[in-house]
Amino acid sequence: LNQGVVYGVDTNETKLDEKFSTSFHYDEVFGTVINRFICQSVIGKDLTVYGNGSQTRGYLNIIDTIKCIEIAANNPAKKSEFRVFNQYTEVLSINDIAEKVIKASSLNGIKINHTNIKNPRVEEEDHYYKPSNTSLISLGLNPIKINDDILTEMIKKVLKHKDRILTNTVMPNIKWEK
């Protein structure tokens, strides 16, 4: 399984008891851009979009992550077959994510914008990225797409723990170099 960026805060199991909550990384090293943007929004900071924001990646909801593993386990490769599943449900740019977080934040009474900053990462902003994930879909994956409901759920959970956000790690400080 080649896994894309995972987002979301709950599975059916974690909803049973908060002590089963998943980890939520928002820092600039191990965090995901979705989590970082949500934390920036909750503390009233503009979303920091690296470079021109056109960088794209594959994303999938945490529930789909579990479903993909289940599908792969229930459909093992044949003897001596090499098989790769690209585990993602949609391809989004950083700009797409910023727009979605800004909209969901607004629906939750939070007014923020985004600011483009010099990209601190060593990456091509405009690159060829055309992955395919038809295998998992053909085996039964019914993708969950990022939407206002999911982002609102994430925002509400982060608001509940707003006092635990370390503002010095949510804002970019590291300059990645070759």
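Which residue with a positive phi follows helix 1? The residue is Gly44, with phi near 80°. Helices here are DSSP runs of H or I with at least four residues, strands are E runs of at least two, and both are numbered from the N terminus.

This is a predicted model, where local features need pLDDT of at least 70, side-chain atom pairs count only at pLDDT 80 or more, and totals for chains, interfaces and linings use all residues. Residues are numbered from 1 along each chain as its sequence is written, and side-chain values use heavy atoms, with hydrogens and water left out.

Start with helix 1 (33-42). Of its 10 residues, 10 are buried. Buried means under 20% relative accessible area, exposed means over 50%, and partly exposed lies in between, with a 1.4 Å probe and protein chains only.

Now the interior. In soluble globular proteins, nonpolar side chains tend to be buried together. A nonpolar core is a set of buried Ala, Val, Leu, Ile, Met, Phe, Trp, Tyr and Cys residues joined through side-chain atoms within 4.5 Å. The largest such core has 28 residues. Those with the most contacts inside it are Ile34, Phe37, Ile38, Tyr59, Ile97, Leu151 and Met154. Helix 1, strand 3 (47-50), helix 3 (94-107) and helix 5 (148-160) each give two or more residues to this core. Helix 1 gives the most, with 6 residues. Take Ile34: leaving aside residues up to four places away in sequence, it touches Tyr7, Tyr59, Ile97, Ile146, Leu151 and Met154. A second, separate core has 7 residues, including Leu60, Cys68, Ala72 and Leu136.

Next, the charges. The structure holds 7 salt bridges. A salt bridge is a side-chain nitrogen of Lys or Arg within 4 Å of a carboxyl oxygen of Asp or Glu. Lys157 pairs with Asp10, with the closest N and O atoms 3.0 Å apart. Lys157 is in helix 5 and Asp10 in the loop between strand 2 and helix 1, so this pair links parts of the chain 147 residues apart. Both Lys157 and Asp10 are buried.

Glu18 pairs with Lys160, with the closest N and O atoms 2.8 Å apart. Glu18 lies in the loop between strand 2 and helix 1 and Lys160 in helix 5, so the pair ties together parts 142 residues apart in sequence. Glu18 is partly exposed at 39% relative accessibility, and Lys160 is exposed at 54%. Lys19 and Asp17 form another salt bridge, with their closest N and O atoms 3.9 Å apart. Lys19 is exposed at 65%, whereas Asp17 is partly exposed at 31%.

Finally, the surface. Val29, Phe30, Val122, Ile174 and Trp176 form a nonpolar patch with about 480 Å² of accessible area together. Patches join residues with over 30% relative accessible area and no salt bridge: like charges within 9 Å, and nonpolar side chains (Val, Leu, Ile, Met, Phe, Trp, Tyr) within 5 Å. Accessible areas come from the Shrake-Rupley method with a 1.4 Å probe, and for residues only the protein chains shown count as cover. Val29 sits in the loop between strand 2 (5-7) and helix 1. Val29 is partly exposed because its relative accessible area is 37%.

Conventions. Contact means heavy atoms within 4.5 Å.
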